[in-house]
Amino acid sequence: MLHAAVGQIQTIRDWIDVDEFRTTTFYNEWAQPQGLEDAANILLGKSAEGISRLSIMKGGGPVDRRMYQTISHLTPHMQRAMLVRQKLQQQNALETTSVRTLDALRTAVLLLDADGHITHANASAREILDEADVLRSVHGRLVTSDLNADRMLRQALAGTALGDRSMTSASISLHLTARNGSHYVGNLLPLTAGRRQMFGAGYEACAVLFVSKAALETIVAPDLIRKLFKLTPAELRVFLAIVEIGGVPDVARSMGIAETTIKTHLTRIFTKTGTKRQADLVRLVAAFTSPIKI
């Protein structure tokens, strides 16, 4: 049956002579005791993922012309039903993968509708919402801790929903401050521009908000930085200390080294990395910070 064409109806007679079939153990010990004489077998689908088939058993004689015609009329509908099922399974698998991918990000991701209701939040966003500091959910609606940022967010969402070109052509930046003084940066990206606007009515979310803490995360690959820029172990330590601590005097005190020594290492680091300022080193390190939770 696996070698048959998809949609083709096959009976016992297509595989074996009927008289020979009736001598088999399968017929005498399984089919005949149940009064079964024949079957219409249809391969509905065949792919690398698997097969779909339908077998309709018949008693009291072989599959006749009437049964054959009836099944042939039903087959296209069953094939379409199987195709819809496969598409739904693929969509579910894609959605599951997408959710897992978003949950792996350090950055908080929130999908919002025109009224600011949260239609989806990834794991990082849920952590921020649970803290209820810079962001919180009030009856499913996103609220920020800063009144000015909240006003900008409402205006941007309203403009996005109404198709305001000024609101759908670029992202909106928000600055948020936590109670402990930590700073967060939010970027609201409209989802109603481009090709998506042709199908906008079919989606709840009209914008996505990305929120990140304004601080460097742990550097994932210091050895990679050392090898890439040919830094000595001492230069790497100074490099990382400058990024984490700040100015030369503070780094010198922290490492117990003279400021002149730190300056010498820093000059060599600038030369090897092609940078000129400490701020450039911070940006360089940021490029080596993984966006994925470790």
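**Close-up views of a predicted model**

**View 1. Phe 26 and Trp 30 on helix α2.** Phe 26 and Trp 30 both belong to helix α2 (residues 25–31) and, because they are 4 residues apart, about one helical turn separates them. In this predicted model, Phe 26 is partly exposed, at 47% relative accessibility. The ring centres of Phe 26 and Trp 30 are 5.2 Å apart and the planes meet at 20°, so this pair is stacked. Stacked here requires planes under 30 degrees apart. Trp 30 is also partly exposed, with a relative accessible area of 39%.

View 2. The structure holds 3 aromatic pairs. One of them joins Phe 21 to Phe 26: the centres lie 6.3 Å apart and the planes are at 50°, so the pair counts as tilted. Phe 21 is buried, with a relative accessibility of 8%. A single aromatic cluster is formed by Phe 21, Phe 26, Tyr 27 and Trp 30.

View 3. Helix α8 covers residues 233–245, 13 residues in total. From the first C-alpha of α8 to the last, the helix reaches 18 Å, close to the 18 Å expected at 1.5 Å a residue. Its buried residues are Glu 235, Leu 236, Val 238, Phe 239, Ala 241, Ile 242 and Val 243.

Notes. Residues numbered from 1 in each chain as written. Predicted model: local features only at pLDDT ≥ 70, side-chain atom pairs only at ≥ 80, totals over all residues. Heavy atoms only, no water. Phe/Tyr/Trp six-rings, centres within 6.5 Å; stacked < 30°, edge-to-face > 60°. Buried < 20%, exposed > 50% of the residue type's maximum accessible area, 1.4 Å probe, protein only. Helix = DSSP H or I, 4+ residues; strand = E, 2+ residues; numbered from the N terminus. Expected span 1.5 Å × (residues − 1).
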